[in-house]
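Here are my notes on how the two chains meet, written for someone new to this. Have a look at the structure, then read on.

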Amino acid sequence: METTSFLPVLILISSLIPGVLILLLREEQVALRTSLNLFGAFAKVAMVAWAFFGYMRGETYDFIFSLAPDLTFALRLDALGLFFAALSSVLWLITTVYAIGYLDKGPHQNRFFAFFSLCVTASTGIALSGNVITFFIFYEFLTLSTYPLVVHKGTDDAVAAGRTYLWYTIGGGTVLFLGVVGLYVVAGPIYFGQTEIIAGLISEFPTQLSILFFLILTGLGVKAAIFPLHGWLPTSMVAPAPVSALLHAVAVVKAGAFGIVRLVYDVYGVGIAEEMNYLAVLAVFAAFTIIYGSVRALYQDDFKKRLAFSTVSQVSYIALGVAIPGALSSTGAIVHLVHQGIMKITMFFAAGNVAETYGYKKISQLNGMGRRMPLTMGAFTIAVFGMIGVPPAAGFISKWYLGLGAVEAGSYWVILVLLVSSALNAAYFLPIVYRAWFCEPEQEEVPRLRPGRLETQALMLIPVVVTGLLSLAAGVFAAVAGSPLSIAREIAEKLYLL
Amino acid sequence: MTDLPTSPYPALLVGLPVMMAILSLFFRPRGKAFLGLIGCLLTAVLAIFAFVEVTQLGTVIHRLGGWEPPLGILLRMDALAAVFIGMTALVGALISLYAWRYFDAQDTSTDGFPLFWPLWLFLWAGLNGLFLSNDLFNLFVTLEVIGISAVALAVLSGKAGALVSGLRYLLAAITGSMSYLFGVALIYGSTGTLDLEMLGQVLEAGPATTFALLVMTLGLMIKMAGFPFHFWLPPAHSNSLAPVSALLSALVVKGAFYILLRLWMEVFGVSLTYAAGQLIGVAGAIAVIWGSWQAFMQTSLKLIVAHSSVAQLGYLLMVFPLLILPSGVSAASADWLSPAWTASVYQVLSHAFAKASFFLSAGIIVMAVGHDRIESLRDLVGHMRMTALAIGLAGVSLIGLPPSGGFMGKWMLLKGIFLSGQWWWAPVVLVGSLLTAGYIFMLLRLAFAPTGEKEPFQPVPKRLEVFALLLAVSSFLIVLPADYLIQFLEGSEVFGSGIETVLKGGAYGNN
Amino acid sequence: MEIYQIYSMTSAVLFVIGMGGVFMSKHFIKKIIATIIMGGGVFLAFVSFAQRDALSFADPVPHALVITGIVVAVASAAFALALARRIFQLTGEESFTNDK
């Protein structure tokens, strides 16, 4: 805490400044807007990489600004935060490219890209937060910056979805606020990693601290879409594809999941959370959500809605991994933050490509799509296998570690949950793959909404291929140093050594 | 008291706006407006200088005409006064700049409402005088100056609706003042002094003091539209011209709160009981819920904003129960006192900026669409980005989401609530926030909605939008100096003797 | 009972009557008169307190305060009357209705 570094601030500013500037631009200044966007996105990736290597060399980056007595705005780069920051910055870059292609000549692009940048600022801020209050500030900031994106289309549907989204998130935010203030009053300002504070107080204030844990967990559970707080997610599918992609893969749901990881590992500590049976409660809700989300996904014909319910299910893997004590399951949870992100963003890109190129939004319309859009559907198929957990795709690694962790902890019922969920994953994803590759299209010639030499616009095609390959690579090269898995394992091992 | 450094600023802060107001009366409409704006800007600059001086010298005083109290009038500018004066300067200057352009764009038949300027300068002088007053009677006089000029501003449009609500406002103001003055008489009768600081030391508990506390609190509650005396506020604030609504809600009601805070903290320590604190807190809590609910039910933009003021003022009242110490607790060990009263200051600041911005934005929308039913907001985002953003930001500050000034206020208020163990106020704060979110997002939802059946937007001067947005942004920027500001407030002699008196109250308090 | 006590009590009674009138009547002029009665009560209270501590002469400060107070009260009342008159000219109304 001795030296102040402005690197974390610069990482935030790299998306904040473009966001604010774009808000001031005129709609016609396309070139300037695009360059601002890409410059910010590249700068952020570069700085996060720089910070990552610095951190590996053992440097620390802290930024502290006192807002009020006991109320400190603190940014700090630790392994977990950097991991999440890397995920958001890389996926932001890819999604920005995608969004530029997707929204090509659409209305209100300034507003879209401005809030898009602010949303990523919030999500990076969540990653870099050094204490509970800073986390809360960015958590609420995220709610506010995503709202204009959800209602971007301005249709009645979109506005209604925005209302649902706000009621859930503002409600959750209020509960979280109560919990955070309570935690401050009971335990004082807590920086992430100072688990000894709660450990020292737990015998004195067991009831208060338990209530506060569950208040905070509820607040986070809304964004993480844990049953019964998941209702906003499927309805907010009316948003444009890049928004759904980023919302589901990185920003909102991950903010909740990441918050749960922080809460258990860096605020209360695994020891306390296990001892007080918090983890058992979390495990039950997570397991139920996994099954529930999958079952609901089975019945959706709307492509994006099926993906949305799948997200509900998949994000709870992270919560489940956190809820099972042990380094192995923690590795599974942390690595799934990244794996689920890459896989789900691929799927949403693919759904967006289909919808934008052919106007198809239902799964029943996807017959023969593999021949029309081989690259898009190919990437989608890789992601599907990952989600189901077929080796060597990324999802397999996550599930493998979760399973190992469950065995290690003696929670054999978790294995059952994983198996059932994988079967359900296959049941709702494979029909899509089957239709795409093995069914004859219903009509021979369908007019394309976006003409061009490639199967769709290049700016929309490249991102989906890249993320598709990434989700394969994350699995295949999992054993290589520097892979998401290796980093996740290091983080988890450090946690349990402490 | 007499060994405090003397400064000319307190006298200038009251004298300059009065002189400019009188001077402007001799000119034609255009000249009035021009002189008025100059006067406003000069006063604002002066206030900033005065603020800086207090940060350097600590509390400063000024003896008017060189006379010593009790015969002469002594003005005292301590940290609390400096913060309120600084707030008035910033908010006032931005509203003045807006008003200049706003009145310029009005019908020529109105001459641009030239009387706005002298009245607003009188009001400003009254506010500065109130913040600087050091005795009960001066406070009464400044309250009256504020009350009369505020009502005159409220009826400036001359429309029947404004006149009726203005008369209602005036009668409430007179009743409040008279009630307050009755308390002053009782206190003078029992102590023979009106000096705030001296009263803090000599006032003794007894039926006369309790009765004085009662009528003075009652009078000030009427003036600051505390529940159940809030009835006059929504019509008065919603029927006036946009810059006037902004002034009334951002600044005028805060004057009465300022006196109430000073009286409870500095003077009445001996008579305060736990029950009295709870009672005023309950009034505040009801105001928060009821005001927010009413705002939620309105269909006209300005009425929503006006009802929201009732709720936001309720938060201020909820601070009072926290300021009373249970018996046996010393002020030094009561770690919730400082977050509680600084919370109220932050609530005042953020509400001033946010609500001013809100009313100015409402004025812009009325100008563009011609009415202020909430449907007028439809597709605002598509046509007037800056105003939409201003409403969004001001709204977020009112809800109290981070990182706004409103968040700072709510954070410290909740902290004070939990530390004091009076946890039952916490749900009120949160439910109030949720209800506020309800009506704010109802507005934002419309702003994003595509055009339905409604009048098209007429072009509006860009500069108006800029000033409204600046105020909204300021309601966020005030978070940055929070640490400094809170230390400034706590480090000064504000309530220096007051905390002691509160302590004494703890000993007397028969809870 | 001493004279100043009679004054004090009268002042309290006047104050209460005035306040009741302000809240209970709806007619503009009645309300304005009620505030004037309140004012009368308050000023009487000040004057009654001028005789304190069995001094042989009256305390001058309350008198100074009362004069200021009366000036302010007259100005307010005049302003209120002007408003009431203008409302009557514009709308013909002479009392508050609940819907406004």
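1. Chain A and chain B bury about 3,100 Å² between them, with 80% of it on carbon and sulfur atoms. Buried area here is the accessible area (1.4 Å probe) that two parts lose on being put together, summed over both. In chain A, the residues that lose the most area to chain B are Leu67(A), Phe177(A) and Val185(A), together 16% of what that side buries.

2. Keep in mind that this is a predicted model: local features need pLDDT of at least 70, side-chain atom pairs count only at pLDDT 80 or more, and totals for chains, interfaces and linings use all residues. Residues are numbered from 1 along each chain as its sequence is written, chains are lettered from A and ligands numbered from 1 in the order in which they are written, and side-chain values use heavy atoms, leaving out hydrogens and water.

3. Who touches whom? Counting contacts (heavy atoms within 4.5 Å), 35 residues of chain A meet 32 residues of chain B.

4. Now for the cysteines. A search of the whole structure turns up zero disulfides over all chains, a disulfide being a pair of cysteine sulfur atoms within 2.5 Å.
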